[in-house]
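Please read it alongside the sequence and the coordinates.

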Amino acid sequence: MIDIKYVKDRLPKRLSFQNKGNFGHILIIGGSVGMSGSVCMSAMGALRSGAGLVTVAVPRDILSVVAVKTTESMTLPLSSADGVFALGAAKELGSFLPKANAAAFGMGARTGGGTTRLAERLLSAFDGTLVIDADGLNTLAQNPELLQTERKCSVILTPHPGEMARLSGASVEDVQGARETCAKEFAQKTDTVVVLKGEKTVISDGKTVLVNPTGNVGMATGGSGDVLSGIIASLAGQGLTPLESAACGAYLHGLAGDIAVKDKTAFGLIAGDLIEYLPRAFHAVLNG
């Protein structure tokens, strides 16, 4: 069971002479027409978790919306067709990859040829830590051979039970009935870290199994997982291992929700509140 000491001991120390270049450059890749908010929430989750630099790569069709909503982030417009990533987006992204040391991919991207090409490029060419969520996971479920790609990057998968069922070929009932076993076995099979979301989120690298005690039902709202992906990528970019990033990210994400729900109630809590309350979650850990 993850506790506050586990997280506090792993958060990087900040020294007075350091600058933004010391705190990671996080690349957020996703979005589509009608789903631009997902990457914005991921970007803000990364920024509120200490990332030094964040770049949001989106289909060109939604660039103006994303640029306005994430003023502290940089933006990278990629080729788009009908509001989603076009096939040429993967080639355009390739030249940017060496600038980032962690990335989150798939939030709001929708599935299709352009998203599949991006998954191929990231898995084969990126050499940082790659968090895959949402339509990135659905793309892997549709193209399971992608997880067999020879890769340089460390991969963190963040499925909810439905996505885990699609990835593993099991039923949702089977996943929920054996959450720790399911996460551990899939992580071992795919050489990834799995973050199986839900009540008592399970994190495993195929060897160790960690369980997160924070979080509440008010967090069962659209965008909550997008924020989590940004937090995990941010911590990875600051030097935590993939397993540590996933575990600490899940704990802080849930803790922000636990602090927020006292003010907002489980009915009024929205994903943006998690971003707003993240600094208070960090404060509680650092001073705990």
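The model is a predicted one. Two packed helices are described by the angle between their axes and the distance between the axes. For the pair α2 and α12, the axes come within 9 Å and cross at roughly 15°. Positive phi values occur at D82 and at A134, neither of which is a glycine.

**Packing of α2 and α12**

- Helix α2 spans residues 37-47, and helix α12 spans residues 271-286.
- Because angles under 35 degrees count as roughly parallel, the crossing at roughly 15° makes α2 roughly parallel to α12.
- The crossing of these two helices, α2 and α12, is left-handed.
- On the α2 side, the contact is made by M41, M44 and G45; on the α12 side, A271, I275 and L278 take part.
- By residue class, the contact of α2 with α12 has five nonpolar residues, one polar and no charged.

**Positive phi at D82**

- D82 has a phi of about 55°.
- This residue, D82, sits in the loop between β4 (80-81) and β5 (84-85).
- D82 has a relative accessible area of 81% and is therefore exposed, the cut-off being over 50%.

**Positive phi at A134**

- The phi of A134 is near 50°.
- A134 belongs to helix α6, which covers residues 134-142.
- A134 counts as buried because its relative accessibility is 16%, and buried means under 20%.

How values were computed: Residues are numbered from 1 along each chain as its sequence is written. This is a predicted model: local features need pLDDT of at least 70, side-chain atom pairs count only at pLDDT 80 or more; totals for chains, interfaces and linings use all residues. Side-chain values use heavy atoms; hydrogens and water are left out. Axes are lines fitted to C-alpha atoms, for helices over the stretch in contact, and angles run from 0 to 180 degrees between N-to-C directions. Helices (H or I, at least four residues) and strands (E, at least two) are DSSP runs, numbered from the N terminus. Angles under 35 degrees count as roughly parallel, over 145 as roughly antiparallel, 65 to 115 as roughly perpendicular and the rest as oblique. A crossing is left-handed if the near helix is turned anticlockwise from the far one by less than a right angle, and right-handed if clockwise. Contact means heavy atoms within 4.5 Å. Ala, Val, Leu, Ile, Met, Phe, Trp, Tyr, Cys and Pro count as nonpolar, Asp, Glu, Lys and Arg as charged, and the others, Gly among them, as polar. Buried means under 20% relative accessible area, exposed over 50%, partly exposed in between (1.4 Å probe, protein chains only).
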